[in-house]
Amino acid sequence: MPKGYWVSVYRTISDPDKLAAYNKLAAPAVKAGGGRTFVRGGRVVAHDAGIAERTVLIEFDSFERAVAAHDSAAYQDALVALSDGVERDFRIVEGID
């Protein structure tokens, strides 16, 4: 079964305090959903129309588990804390088998 991934690229971070509040809530929500974080921040080299800002990559055992973790009450609480503190491109994608 193909794995599922959260891919999040931040365009701007306008409120670091909201991002910190989100991180406190999101980390346990991701872990409870079976997610494993492979990339969170760190160095970025962007090409073409890419944005060299914060990037996050999280792996789940399946696409369905990735969607369920996003839709969980715990993660939805994290999104409320994040609110308008960032602008990001967030995707849930299916890996290849």
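Which residues is Ser 62 in contact with, leaving aside its neighbours within four places in sequence? The views below start there. This is a predicted model, where local features need pLDDT of at least 70, side-chain atom pairs count only at pLDDT 80 or more, and totals for chains, interfaces and linings use all residues. Residues are numbered from 1 along each chain as its sequence is written, and side-chain values use heavy atoms, with hydrogens and water left out.

**View 1. Ser 62 sits in the loop between strand S3 (55–60) and helix H2 (63–71).** Helices (H or I, at least four residues) and strands (E, at least two) are DSSP runs, numbered from the N terminus. Leaving aside neighbours within four places in sequence, Ser 62 is in contact (heavy atoms within 4.5 Å) with Met 1, Pro 2, Lys 3 and Gly 4. Ser 62 has a relative accessible area of 6%, so it's buried (under 20% relative accessible area; exposed is over 50%, partly exposed in between; 1.4 Å probe, protein chains only).

**View 2. Leu 82 belongs to helix H3 (residues 73–82).** Leu 82 is buried too, at 4% relative accessibility. Beyond the neighbours within four places in sequence, Leu 82 is in contact with Lys 18, Leu 19, Tyr 22 and Arg 88.

**View 3. Now for the buried residues of H3: Tyr 75, Ala 78 and Leu 82.** Down the helix axis, they fall within an arc of 50 degrees (taken from the directions from the axis to the C-beta atoms), so they line one face of H3. The face turned away from that buried side carries the exposed residues Ala 73 and Val 80.
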